[in-house]
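Here are my notes on the model, point by point. Have a look at the coordinates first, then read on.

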Amino acid sequence: MAQITSTDVDQVVQRYIAVWSEPDVAARERAVAELWAPDGIEFVEGTQFRGHAGLADRVTQAYGLFVAFGEYHVTDDSHVTVHDDVVMFTIQLTHAKGPQVDEVAWAARVFLVLDDDGRIVQDYHLTVQPFPPVEHHPRTAPGDRTRKDRRRPSRVWLGC
């Protein structure tokens, strides 16, 4: 196991937060390939995303649902803990507009296991602040309940 410096950790966390907000598809795919090892895996509420293609699809889906339309910003809580090759921090979706601007809408504790090159081999999301119940997803009509995930946007973010 390589020694992980605080600078390395800060860069990993900054790049991790940034990838979820990257609007350019090619740049997002490059960022995924630079962050995760080729066989990297993310575990989210019983769902797994494997390899660069699976992870890029997962990040793209989350970007399209929560960031692309300007509803939320992806942030972190600035508290990072490191133990050997494990990095832990909290990722957040904060309101980007409206009366709740900058308030946290959803949060999850992230545990990253890094390889010797500082790339993610395992990524775990554990929700610590779910979305409050809503009548409709921000991009669906009120009362449209044709899909379960439209009533519970956090399930969509989580990959369920």
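1. Is F66 buried or exposed? F66 has 0% relative accessibility, so it counts as buried; the cut-offs are under 20% relative accessible area for buried, over 50% for exposed and partly exposed in between, using a 1.4 Å probe and protein chains only.

2. Some ground rules. This is a predicted model, so to speak: local features need pLDDT of at least 70, side-chain atom pairs count only at pLDDT 80 or more, and totals for chains, interfaces and linings use all residues. Residues are numbered from 1 along each chain as its sequence is written, and side-chain values use heavy atoms, with hydrogens and water left out.

3. Confidence, then. The protein chain has a mean pLDDT of 86, with 81% of its residues at 70 or more; pLDDT is the predictor's confidence in each residue, from 0 to 100. Residues 141-152 are where the pLDDT is below 50, and in the model this stretch has 13 contacts beyond near neighbours in sequence (a contact means heavy atoms within 4.5 Å).

4. Back to F66 and its ring partner. F66 and F131 make a stacked aromatic pair, with 5.7 Å centre to centre and 20° between the planes. Rings of Phe, Tyr and Trp (its six-membered ring) pair if their centres lie within 6.5 Å; planes under 30 degrees apart count as stacked, over 60 as edge-to-face and the rest as tilted. The two residues sit 65 apart in the chain, F66 in helix α3 (residues 51-67) and F131 in the loop between β7 (120-129) and α4 (148-151). Helices (H or I, at least four residues) and strands (E, at least two) are DSSP runs, numbered from the N terminus. F131 is buried too, with a relative accessible area of 5%.

5. How many aromatic pairs does the ring rule give? The count is seven. One of them joins Y16 and F89 edge-to-face, at 5.5 Å centre to centre and 80° between the planes. Y16 belongs to helix α1 (residues 6-19) and F89 to strand β5 (residues 86-95), so this pair ties together parts that are 73 residues apart in sequence. Y16 and F89 are both buried. Ring pairs also link Y16 and F89 with W20 and W36 into a cluster.

6. The criterion is a side-chain nitrogen of Lys or Arg within 4 Å of a carboxyl oxygen of Asp or Glu. In the bridge between E42 and R58, the closest N and O atoms are 2.4 Å apart. E42 is in strand β1 (residues 36-44) and R58 in helix α3, so the pair ties together parts 16 residues apart in sequence. E42 counts as buried at 0% relative accessibility, and R58 is buried with a relative accessible area of 2%.

7. The other bridge is E71 with K97, where the closest N and O atoms are 3.9 Å apart. E71 is in the loop between α3 and β3 (72-76) and K97 in the loop between β5 and β6 (104-114), 26 residues apart. Here E71 is partly exposed, with a relative accessible area of 22%, and K97 is partly exposed at 46%.

8. What about E42 in the sheet? β1 runs parallel to β7, joined by five bridges, and antiparallel to strand β2 (residues 47-50), joined by four; strands pair if DSSP finds at least two bridges between them. The bridge partner of E42 is D123 in β7 and F49 in β2. β1 and β2 form a hairpin with two residues between them, and E45 in the turn has a positive phi of about 45°.

9. Last, β6. It pairs antiparallel with β5 over nine bridges, with T90 standing opposite R109 in β6. Eight bridges join β6 to β7, again antiparallel, and L112 stands opposite D123 in β7. The hairpin of β6 and β7 has five residues between the strands, and G118 there takes a positive phi near 80°. β6 is mostly covered, with eight of its 11 residues buried.
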